[in-house]
Amino acid sequence: MIDDPHVQLMLRFQGGDEGAFRQLFEENKTALLNFIYRFCLDRRVAEELSQEVFLRVYKTARTYRPEAMFSTWLYRIATNICLNEMRSGKYKYERELKSLDGGDGGRFLEAIDAHTLVKTDEKIAQEERFQAVRKALRALPEKQRMALICSVYDQLSYKEIAERLGCSEAAVKSIIHRSKLALRDILKKGFHKK
Amino acid sequence: MSRECKKYQKRFVAYLDRELCAQETKLIAAHLTSCTVCRREVQELQELFQALPALPMIMPSERYDEQFWQKMRVLRQEQAEGRAKRWLPGLLDFRLSRRTGLAASGALALFLCVVTFFALKQNSGVPRNELYIAKDIELYSNMEVIENSEILENFEVINMLGDLEQEEKG
């Protein structure tokens with residue numbers, strides 16, 4: 001049996017304990033929200049998708065088997081939902097991202113502009129870099145972005161990322177390597193345009 | 001950019017991720033001390049990797065929980081309705097519909113035919129000589145009855161027996 005308190009909670013929920021599901025939701029919602037937010041870079045979309053993930057957990061609880069850590073299963077669902085939803089074009093975020101006029105990104109830039117006067121050059125440069133990274137992340141192909149997020153933000157091993165994405169460790173290694181090179185190229189192009 | 005630079009640049013990501021063997025790492029490090037272009041390239045990559053994890057962390061909005069539990073209520077209601085839709089009309093059809101009754105009797109008849117067929121098939125599986133023996137036994141027992149009935153049908157004997165009985169009574 002896997003020594004993971006969340007697996008125990010999930011099994012309790014499977015046995016009909018609704019309180020266990022509530023606890024799972026409370027203990028995982030912020031991390032899951034951030035995982036999805038880094039992928040779609042839009043708070044509204046991230047909130048909707050993360051809620052969708054928990055609804056899927058609720059719906060598929062009967063078929064749950066404690067074969068791995070609960071987080072592996074949860075983030076596998078999240079990855080599938082993110083990739084499917086983005087491909088289906090439901091949220092049409094790509095267009096928003098390219099223009100960066102609306103949505104979260106736009107508001108964030110406005111907020112930075114408003115505070116520019118009281119900030120040091122160092123901070124401004126740092127924020128500009130973050131914005132550039134945000135834009136570059138958005139421009140990455142979905143699977144590369146997902147793998148990079150798992151590696152950089154969640155600090156997962158290649159094996160764990162492979163479990164989440166449903167591919168081999170060698171493939172993950174290659175995807176992450178390519179994503180970093182692609183990110184560098186995107187950023188370079190962005191700076192040249194400036 | 002020299003051919004050497006191009007060769008090394010493909011390995012810079014792995015170099016920064018510390019995934020290269022000691023020998024390769026040494027070679028690249030030596031190259032970087034002598035090549036300004038590659039050094040800048042590595043520095044840019046390093047800055048990028050440092051900037052990556054610094055994206056801000058967000059917290060769920062105030063309405064996040066409320067929205068989620070609202071969705072959960074809708075889901076539960078849908079599930080309950082779905083269950084009722086699946087089972088109740090089925091039961092009603094079974095009781096009321098003539099078509100369902102006919103289908104059920106057809107299925108039952110088919111089942112009985114199949115069972116009979118297999119039962120007969122099983123009987124025919126008995127070896128032929130055993131069947132003959134069974135028939136012979138039946139024949140022998142019948143012969144006994146026939147023999148006895150012949151005695152009973154002999155009227156001379158019956159009359160004689162009747163006379164003897166009357167003599168005894170008289």
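I first noted that pLDDT is the predictor's confidence in each residue, from 0 to 100. The model is predicted, so that local features need pLDDT of at least 70 and side-chain atom pairs count only at pLDDT 80 or more, while totals for chains, interfaces and linings use all residues. Residues are numbered from 1 along each chain as its sequence is written, and chains are lettered from A in the order in which they are written.

Confidence. I found that chain A averages a pLDDT of 80, with 80% of the residues scoring at least 70.

Helix H4(A). I looked up residues 70-88 of chain A, a helix of 19 residues that reaches 27 Å from its first C-alpha to its last, close to the 27 Å expected at 1.5 Å a residue, where the expected span is 1.5 Å times one less than the number of residues. Its buried residues (20 or more other C-beta atoms, placed from the backbone, within 10 Å of their own) include A:Trp73, A:Tyr75 and A:Cys82, and the buried residues of H4(A) pack against H1, H2, H3, H8 and H9 of chain A.

Contact between chains. Counting two residues as in contact if their C-beta atoms, placed from the backbone, lie within 7 Å, I noted 24 residues from chain A and 21 residues from chain B.

Terms used: Helix = DSSP H or I, 4+ residues; strand = E, 2+ residues; numbered from the N terminus. Buried ≥ 20, exposed ≤ 12 C-beta atoms within 10 Å, placed from the backbone.
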